[in-house]
Amino acid sequence: MLLEYAAIATMILVTALVAVIAVVLGSLFGPKRPHARKLLPYESGMTPIGPGTRRVPVRFYLIAVLFILFDIEIIFFLPWAIAFRELGWYGFWAMVVFNIPILIGFIYEWKKGGLEWE
Amino acid sequence: MTITDFSVILPVTLLTAWASILLLAELFLPRAQRPFLALLAALGLALTLGISLAQSAQEFAPGFGGMVVRDGFSNFLNVLFLLTGLFGVALSYRYNQRAQIERGEYYPLLLFSVAGMMLMGQAADLIVVFLALELLSFPLYILSAFAYPRPQSEEAGLKYFLLGAFASGFVVYGIALTFGASGSTDLARIVASVAAGSANLPLLTAGAGLLLVGFGFKVAAVPFHMWTPDVYQGAPTSVTAFMAAGAKTAGFAALLRVFGAAFPALAADLSPLMAILAAVTMLFGNLIAVAQTDMKRMLAYSSIAQAGYLLMAFAPFEIEAARTMAVAGALFYLLAYTLASFGSWGVVIALEKDLDRHLSIGDFAGLARRSPWLAAAMTVFMLSLTGLPPTLGLVGKIYLFRAVIEGGMVWLAVIGALTSVVSAFYYLRIVVNMFMREGEPAVEREWWLEFAIGAAAVVTVVVSLWPFPLFEWAEWAVMKLF
Amino acid sequence: MIPLSWYLYLSAALFAIGLYGVLARKNAIAILLGIELMLNAANINLVAFWRYTDPAQMAGQVFAIIVFAVAAAEVAVGLSLVISIYRARKTVIADELDLMKW
């Protein structure tokens, strides 16, 4: 039974081996001429502006959290959509009821200005 | 789906819908109409209370394929939780204006939390237990941090959240193991699979242990109590009052439901553990409370100690006769605790003039002269928490101790009695301060607050003189549980 | 087929890692990550038990989905609290939040 995985395991092994060999050979035999310019982070050939880890405005966080909250409802929709025909009208109305609180949440968020960018 | 399904969860549904409408109403009401929201919230709670009382005559009914249930136990708790909510609104109304935290989300959150507690009382499936636990907890996390930008409040909110979420991790893992051991999350089916011998007992015991840890956090039992003093101190006092009574009662509702109904087969393994937990909680809570000078912290440790007394109800589970009495005693004691706890937090609110300065025990000096009725009410609450006559606290403790002794755990009853004596020291110190010391405490005169405190004090005394109908109700409530 | 116990070991290991994260880390965000690991460990358990005991009954799978949704709500509440504190105090290290005795 485990043999079915043998091909995948072999592929993972070979891939990892090739990657390791390439990196090791390159660092062993490749020429090393360090230069201040070369050690800079790569930014399309330009001189880098500012640090690489820049702070993201908190606004992004708010949108992200709101997104997660509404996005997660999808995991209830998916199984429902698959069994939609078997569930019939009962399933339909159950989903309508399920959506009402989400709608209320959405109205609340909208009116409170959670969706305004500025 | 039938009419019965809806009728079973009608109170919870109504309260949730009411809270949602309240949330929308807040958006469209002008700022000046904000006080109106408190009235609306109280109206919703009162309406739900009416429906719950009307349903209390009806018989046992399962709903939604056995996910939820309506029985005597849930009826008793529904009434208790709705009273908790009403008390919560009464205590918050003026306090929130004074603290300048009169934000529109307050009352909807409070109502959602009450709905979660009621669902907890009705849960007959571990999935619903988990959902109810989160529904009651999330609003409380937010409410604890409600006094932002006051740093103490934010800190309390974060601490409560981190430890609460940690506890819910244990609960979910415990439920997963229980599910694996018995093949079901339905409490009745778990019992059936244990009876049929098809359950994996070691796995079930592990699951029950993890559930115990999770709920232990919720009810603040030692050694899972460390969040309690900080959260109770930092949260707005109106929220603390609600949390101290409601969240603890809901935690015990879950413990009683899950451990009382689903795990009687594990009683031999769990009872000694519960007894030790109860003893440690009583000892630790009471001894630390003695050393406190800050009023809110003292009440926090006192509430830990009270959780210890309630945990005694789980100790005599091996003996059938003692078990029913113990659970009925626990329900009775929960009512007594709710009244006394709300009353004493109400007095704290009345005395808390400067919200950034901590109220110390010394601040109670001279209250008897300044405001004799308030001092008298506070004395009643302190007596009730200690377990002295003429209060409900004494009656509740007698029922609990009797059940424990009948369950053959005399040593636990002795520890309970001894720690009650210790608790008299710090409870009665406040009474001494109020009556014997000179001082000029600043007292807020607020009608709703005084009404709530007065009602709690009167009920505590009057019902204790003739407690039998109430205890019969509690006994009737647990009859169907086993 | 892979035996059930393998899944249980994996989930127990995840739970233990999460537990360690909660207890050992000081950063509130890291603690939150630990809690998420604990919840997801339980999810692995639920789905594995469901698959191996009684696949006709959906309870285990449904519960896993509910845990997902609740965990998302939990993260939303938690991150809001963390952001709110960070704005005021410029720290999310649990040890530095010591206005009250911790």
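Guide: We can go chain by chain and then look at the contacts.

Visitor: What are the overall scores?

Guide: This is a predicted model, and it scores ipTM 0.94 and pTM 0.90.

Visitor: How about chain C, what is its average pLDDT?

Guide: Chain C averages a pLDDT of 88, and 95% of the residues score at least 70.

Visitor: Which elements of chain C have the lowest and highest mean pLDDT?

Guide: The lowest mean belongs to α3(C), at 90, and the highest to α2(C), at 93.

Visitor: What is the secondary structure of chain C?

Guide: Chain C has 3 helices and 0 strands. Along the sequence the pattern reads α-α-α.

Visitor: Compact globule or more spread out?

Guide: More spread out: the radius of gyration of chain C is 17 Å, well over the 13 Å that the globule rule gives for 102 residues. Its C-alpha trace spans about 50 × 25 × 20 Å along the principal axes.

Visitor: How much of chain C is buried?

Guide: Of its 102 residues, 38% count as buried.

Visitor: And what share of the contacts in chain C comes from residues 24 or more positions apart?

Guide: That share is 50%, counted among contacts with a separation of 6 or more.

Visitor: Now chain B. How many residues of chain C are in contact with it?

Guide: 35 residues of chain C are in contact with 32 residues of chain B. On the chain C side, the elements giving two or more residues are α1 (4-24), α2 (28-53) and α3 (59-89).

Visitor: Which one gives the most?

Guide: α3(C) does, with 16 residues on the side that touches chain B.

Visitor: What classes of residue does chain C bring there?

Guide: The side of chain C that touches chain B has 26 nonpolar, 6 polar and 3 charged residues.

Visitor: Switching to chain B itself. What does the domain assignment give?

Guide: It gives domain 1 (1-166 + 220-262) and domain 2 (264-482). The centres of the two domains of chain B, taken over C-alpha atoms, are 21 Å apart.

Visitor: Is α14(B) enclosed or out in the open, and why?

Guide: α14(B) is largely enclosed by the rest of the structure, because 29 of its 32 residues are buried.

Visitor: Last one, chain A. What is its secondary structure?

Guide: Chain A comes to 5 helices and 0 strands, in the pattern α-α-α-α-α.

Visitor: What percentage of chain A is buried?

Guide: Buried residues make up 0% of the 118 residues in chain A.

Visitor: How many residues are in the contact between chain A and chain B?

Guide: That contact takes 6 residues from chain A and 5 from chain B. The chain B side of it has 4 nonpolar, 1 polar and no charged residues.

Technical notes:
Residues numbered from 1 in each chain as written. Chains lettered and ligands numbered in written order. Predicted model: local features only at pLDDT ≥ 70, side-chain atom pairs only at ≥ 80, totals over all residues. Helix = DSSP H or I, 4+ residues; strand = E, 2+ residues; numbered from the N terminus. Rg over C-alpha atoms; globule rule 2.2 N^0.38 Å. Buried ≥ 20, exposed ≤ 12 C-beta atoms within 10 Å, placed from the backbone. Contact = placed C-beta atoms within 7 Å. Nonpolar A, V, L, I, M, F, W, Y, C, P; charged D, E, K, R; others polar. Domains from an automatic or database assignment. pLDDT = per-residue confidence, 0-100.
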